[in-house]
Amino acid sequence: MRTLIALPFLALALGCSSSSSSASSGLGADGSSGFPEAGALGDFDPTPFGGSRPVKLYVPSKYAPSTPTPLLILLHGYSASGAAQELLFDFKPLAEANTVLYMYPDGTVDKLGNRFWNASDACCDFFGVPVDDVAYLTSLITEIETRYNVDPKRIYFAGHSNGGFMSYRMACDQAGKVAAIASLAGAMWDDPSKCKPGDAVSVLEMHGTADDVVLWDGGTTSTDSIWDGGTIDGGGPYPSVPTTVGDWVTLDSCSTTPNTSAPDPGIVAGMQTSVSDYASGCRNHTDVELWTMHGAGHIPSITQSFGTQVFKFLLDHPKP
């Protein structure tokens, strides 16, 4: 059995969420921050967001209510969890170091017991729930904004696989809010007419040429990919990596000729990554980049530089 967009270390991450602080959360009655305490290491706000789908927000130690602060939401792959994705990406120390509000929510559980994001017709509401994850994630942003000073020009999404698909969906549907996304092994709608962003969004796609789950040349999510001998209600085609990137080059009005002079960002252990940067001519100072991980699979052996480079791309591309 091959499970589509799964993370094999899922069991290791279950129950690994960081402990919450006993301090008060958000803004005090006098407008000051009661969380975290001055000089303390950052921690999670103990009061969850998201209503019936609760998730906690990591608040860096240097967060100040008087200062607009970036927000990053990390989205996991199919069958994984937010905690599992954080275990792989290890973004929390970078959120602390860069003073970024940070959250990694969970998708809905399907009838196989797998968490998913309803990102596109290809991925990954395979059993026709259907959940409106655009509304859920947008409501998380709104709720965080009521309790913290979120910089509206620096709201970001990052995701792996199904989480990458969902990051693209947020860029399509909530372009007015989202400044930039970073996708590892994700893809766009196969039908680009379904993506009608009202604003330009910076996009980074990182993809292995040997990915056998979300194929470089595109493909179709199929029964065999999900559940041996079973049936699914959903699934469909997704585009190739060059097509996904090319769609955003068009949407952001960028030059179709990339700059390939950037050095290897060093994000995959023992493998070369080449950078194609389409920043020239992009509207509203956005950027579209493809980082081709030569020979890498669906879950590449990422280096410590991976998170650093992702944060740099995102934080370098606020809304104007």
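Predicted model: local features only at pLDDT ≥ 70, side-chain atom pairs only at ≥ 80, totals over all residues.
Visitor: Is threonine 69 buried or exposed?
Guide: Threonine 69 is found in strand β3 (helices, H or I of at least four residues, and strands, E of at least two, are DSSP runs numbered from the N terminus). Leaving aside neighbours within four places in sequence, its contacts (heavy atoms within 4.5 Å) include Tyr63, Leu101, Val150 and Arg154. The cut-offs are under 20% relative accessible area for buried, over 50% for exposed and partly exposed in between, with a 1.4 Å probe and protein chains only. Its relative accessible area is 3%, so threonine 69 is buried.

Visitor: Which strands stand at the edges of the open sheet?
Guide: The sheet has 9 strands with mixed pairing, in the order β1-β2-β4-β3-β7-β8-β9-β13-β12; two strands pair if DSSP finds at least two bridges between them. A strand with a single partner has one side left without a neighbour in the sheet, so the edges belong to β1 (43–44) and β12 (273–277).

Visitor: How many bridges join β9 to β13?
Guide: On one flank, β9 pairs with β8 (residues 180–184) in the parallel sense over 5 bridges, where alanine 180 stands opposite serine 202. Towards β13, methionine 206 has tryptophan 291 as its bridge partner, and glycine 208 stands opposite methionine 293. β9 (residues 202–208) and β13 (residues 288–293) run parallel, and the number of bridges joining them is 6.

Visitor: How far apart are the end C-alpha atoms of α4?
Guide: Helix α4 (residues 133–147) lies across β2, β3, β4 and β7, and aspartate 132 caps its N-terminal end, with a side-chain oxygen 3.3 Å from the backbone nitrogen of valine 134. The expected span is 1.5 Å times one less than the number of residues. For the 15 residues of α4 that gives 21 Å, which agrees with the distance between the end C-alpha atoms, 21 Å.

Visitor: How does α4 sit relative to α5, roughly parallel or roughly perpendicular?
Guide: Axes are lines fitted to C-alpha atoms, for helices over the stretch in contact, with angles from 0 to 180 degrees between N-to-C directions. The axes of α4 and α5 (residues 162–173) are 10 Å apart at about 75°. Angles under 35 degrees count as roughly parallel, over 145 as roughly antiparallel, 65 to 115 as roughly perpendicular and the rest as oblique. That makes α4, relative to α5, roughly perpendicular.

Visitor: Which residue follows α2?
Guide: Helix α2 (residues 82–89) is mostly covered, with 6 of its 8 residues buried, including Gly82, Gln85 and Phe89. Next comes a residue with a positive phi, near 55°: aspartate 90.

Key
Residues numbered from 1 in each chain as written. Heavy atoms only, no water. Polar contact = N/O pair within 3.5 Å; in protein donor to acceptor, adjacent residues only side chain to side chain.
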